[in-house]
Amino acid sequence: SNGWLKGCGNATCGATIEPLQGVDSYILGDGVPHIPDVPVAVIQDDFYPPEEVDSTPAPAVIAASSTGSWAMLSIGGQSSNVSVGGMAFGFVLVNVLNIDDTPVAVLERTFRRYGFLAYVSTAGKEIARLRKGVGEVFGLTMPNYQGLVEDDCLYYIKAAGGPRDWLAERIVNDTDGETTYLAASNYLTPQREYTVIGAIAPYQKYSVSPDGRIKTADGAIYTPATNASATGPGVLVWDPRDHLPAGTW
């Protein structure tokens, strides 16, 4: 159930349900099976650029307005009072929220090929960091991955089988060692097809269309992409056009 294949340690090799214990929860006594370290060349991936490995710390939030209009940021011993929409230390103050009676600054940092949103509270804690797969936008083009095998014809085989996959390690490090969908979805490439989401136990599942609208997956996952009010299976439960500024959707 946790995605790991485990050898059967019973004499009869009968099926058992093992408790969820993390990535080291193997039945056999030898621990995690040895997987040879296969070197995979670093490539100039537009979705996961190599420079993203260098994590950038977010500024501390010393104080914030109770009305959500400004915040005082500090990093490296320097501080700056920033209004919403303003920039300091390379971060744009997007908003100031109030979560459990604690002001939380929403900071956005954009690099050439990626970016992230950091939610930092005045209590001195970075609550969450949401990765953006898009950086500075000068134009819209699709990356071409056809040339990856020119230098190494086994690139895709090594990338799929390598135990030190950079993306997988990032996802595992964002959790307690047992990967979750919420952690993995933060690193997914832009969706170009329909997908279905939902918890395991509830019967109701949901359909996510390529344009971002979410409907109940009743009988089919198809959602008309041209008209949010179009008839079809399922009930519309979320539409990005209701939450994004006009002209950005």
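Student: What makes S1, S2 and S3 an open sheet, and in which order do the strands lie?

Tutor: The order is S1-S2-S3, with antiparallel pairing. Strands are DSSP runs of E of at least two residues, numbered from the N terminus, and two strands pair if DSSP finds at least two bridges between them. Strand S1 (60-64) and strand S3 (78-83) are the edge strands, since each pairs on one side only. Neighbouring strands of this sheet are turned by 25° against each other on average, direction ignored; the axes behind that angle are lines fitted to C-alpha atoms, and angles run from 0 to 180 degrees between N-to-C directions. The model is a predicted one, in which local features need pLDDT of at least 70 and side-chain atom pairs pLDDT 80 or more, while totals for chains, interfaces and linings use all residues. Residues are numbered from 1 along each chain as its sequence is written, and side-chain values use heavy atoms, without hydrogens and water.

Student: How do you know that strand S2 (residues 70-75) is paired with S3?

Tutor: DSSP must find at least two bridges, and 6 bridges join S2 to S3. The two strands therefore count as paired, in the antiparallel sense. Met72 stands opposite Asn81 in S3.

Student: What joins strand S5 (residues 91-99) to strand S6 (residues 102-110)?

Tutor: 7 bridges join S5 to S6, and the strands run antiparallel. Val92 has Glu108 in S6 as its bridge partner. The hairpin of S5 and S6 has 2 residues between the strands, and Asp100 takes a positive phi near 55° there.

Student: Which strand pairs with S6 over 7 bridges in the antiparallel sense, and how many residues lie between the two in their hairpin?

Tutor: S6 pairs with strand S7 (residues 115-121), and their hairpin has 4 residues between the strands. Ala105 stands opposite Val120 in S7.

Student: Why is Val235 called exposed?

Tutor: Exposed means over 50% relative accessible area, partly exposed lies in between, and buried means under 20% (1.4 Å probe, protein chains only). Val235 has a relative accessible area of 52%, so Val235 is exposed. Val235 lies in the loop between strand S11 (214-216) and strand S12 (236-238).

Student: What share of the 249 residues in the chain is buried?

Tutor: Buried residues make up 25% of the chain.

Student: What share of the contacts with a separation of 6 or more joins residues 24 or more positions apart?

Tutor: Such residues account for 30% of those contacts, where a contact means heavy atoms within 4.5 Å.
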